[in-house]
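This briefing is intended to be read alongside the sequence and the coordinates.

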Amino acid sequence: MRGDDEAEFRAFFERHYAELARFAHLLSGEPEAADDLAADAMVALWHRWDRVRGADRPLAYARGVVAHLVRSRIRGAVRERRRIALFWDRRSEHVDDPDVPAVLDVRTALRALPFRKRACVVLRHAFDLSERDTALALGISVGTVKSQTSKGMAELQRLLGTRAASELAGRRA
């Protein structure tokens, strides 16, 4: 790579790394993994820097990489939990009712949402992205963003209560 490519990537990194780490944290719910996920995304972006910088919206491309990495991490964790559950098969310890005090926390409530709903809610409300920018970041249609955000907010309202969910969404008008 040429020196100006390195300088351009370094500037991109310095401008957007913290935001991508915050995005990874909100999507994954794992603050200790957020830096690793953002760093892995930056490595992937560096390897495809010609494609990234040629994109209409490099930051949207970067968010898409982070979302993909988080999704892969979550899927891996789910597979691992299933393997452990099959191995131990402790049905007597199963609890059907959720821990109500725990779901009052916004991060806990976000983790309860399916990935796509969570990603749409986080990008629209925490990052204040437009529906179009959210669609670009996630590689989905604007209509899907609208429906997933609406369904995600309805689920958060159910988990958090009307007032808390309204305050969360109050940042977007």
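Arg53 is partly exposed, with a relative accessible area of 30%. The model under discussion is a predicted one. In it, Arg53 forms a salt bridge with Asp5 and another with Glu8. The points below set out these pairs first and then the surrounding architecture.

**Salt bridges**

- Seven salt bridges are counted in the model.
- In the pair formed by Arg53 and Asp5, the closest N and O atoms are 2.1 Å apart. Because Arg53 belongs to helix H3 (residues 49–54) and Asp5 to helix H1 (residues 3–28), this pair ties together parts that are 48 residues apart in sequence.
- The salt bridge between Glu8 and Arg53 has an N to O distance of 3.4 Å. Glu8 is in helix H1 and Arg53 in helix H3, so this pair links parts that are 45 residues apart in sequence.
- Arg124 is paired with Glu131 in a salt bridge, with 3.8 Å between the closest N and O atoms. Arg124 counts as buried at 11% relative accessibility, whereas Glu131 counts as partly exposed at 28%.
- Through shared partners, salt bridges join Asp5, Glu8 and Arg53 into one network.
- In general, side chains of opposite charge can pair when their charged atoms come close.

- Apart from residues up to four places away in sequence, Asp5 touches Trp46, Trp49, Asp50 and Arg53.
- Glu8 is partly exposed, at a relative accessible area of 36%.

**Overall architecture**

- The secondary structure of the protein consists of ten helices and zero strands. Read from the N terminus, the order of elements is α-α-α-α-α-α-α-α-α-α.
- Of the 173 residues in the protein, 38% are buried.
- Among contacts between residues at least 6 apart in sequence, 68% join residues at least 24 apart.
- The accessible surface of the protein is about 10,600 Å², and carbon and sulfur atoms account for 50% of this surface.

**Nonpolar core**

- The largest nonpolar core contains 46 residues, of which Phe23, Leu27, Leu45, Val122, Phe127 and Leu156 touch the most other members.
- Two or more residues of this core come from each of H1, helix H2 (31–47), H3, helix H4 (58–88), helix H6 (106–112), helix H7 (115–126), helix H8 (131–138) and H9.
- H1 makes the greatest contribution to this core, with nine residues.
- With neighbours within four places in sequence left aside, Val122 is in contact with Phe23, Leu26, Leu27, Leu110 and Phe127.

**Helix H7**

- H7 is mostly covered, with ten of its twelve residues buried.
- The buried residues of H7 are Phe115, Arg118, Ala119, Cys120, Val121, Val122, Leu123, Arg124, His125 and Ala126.
- The end C-alpha atoms of H7 are 15 Å apart, which agrees with the 16 Å that its twelve residues should span at 1.5 Å a residue.
- Just after H7, Asp128 adopts a positive phi of about 55 degrees.

**Helix H9**

- Helix H9 (residues 142–160) has 19 residues and reaches 26 Å from its first C-alpha to its last, close to the 27 Å expected at 1.5 Å a residue.
- The buried residues in H9 are Val145, Gln148, Thr149, Gly152, Met153, Leu156, Leu159 and Leu160. They lie on the same side of H9, because they cover an arc of only 135 degrees around the axis.
- An α-helix has 3.6 residues a turn, so residues three or four places apart point the same way.
- Leu156, one of these buried residues, is also among the core residues that touch the most other members.
- Just after H9, Gly161 takes a positive phi of about 100 degrees.

How values were computed. Residues are numbered from 1 along each chain as its sequence is written. This is a predicted model: local features need pLDDT of at least 70, side-chain atom pairs count only at pLDDT 80 or more; totals for chains, interfaces and linings use all residues. Side-chain values use heavy atoms; hydrogens and water are left out. Helices (H or I, at least four residues) and strands (E, at least two) are DSSP runs, numbered from the N terminus. The expected span of a helix is 1.5 Å times one less than its number of residues. Buried means under 20% relative accessible area, exposed over 50%, partly exposed in between (1.4 Å probe, protein chains only). The arc is that of the directions from the helix axis to the C-beta atoms. A salt bridge is a side-chain nitrogen of Lys or Arg within 4 Å of a carboxyl oxygen of Asp or Glu. Contact means heavy atoms within 4.5 Å. Accessible areas come from the Shrake-Rupley method with a 1.4 Å probe; for residues, only the protein chains shown count as cover. A nonpolar core is a set of buried Ala, Val, Leu, Ile, Met, Phe, Trp, Tyr and Cys residues joined through side-chain atoms within 4.5 Å.
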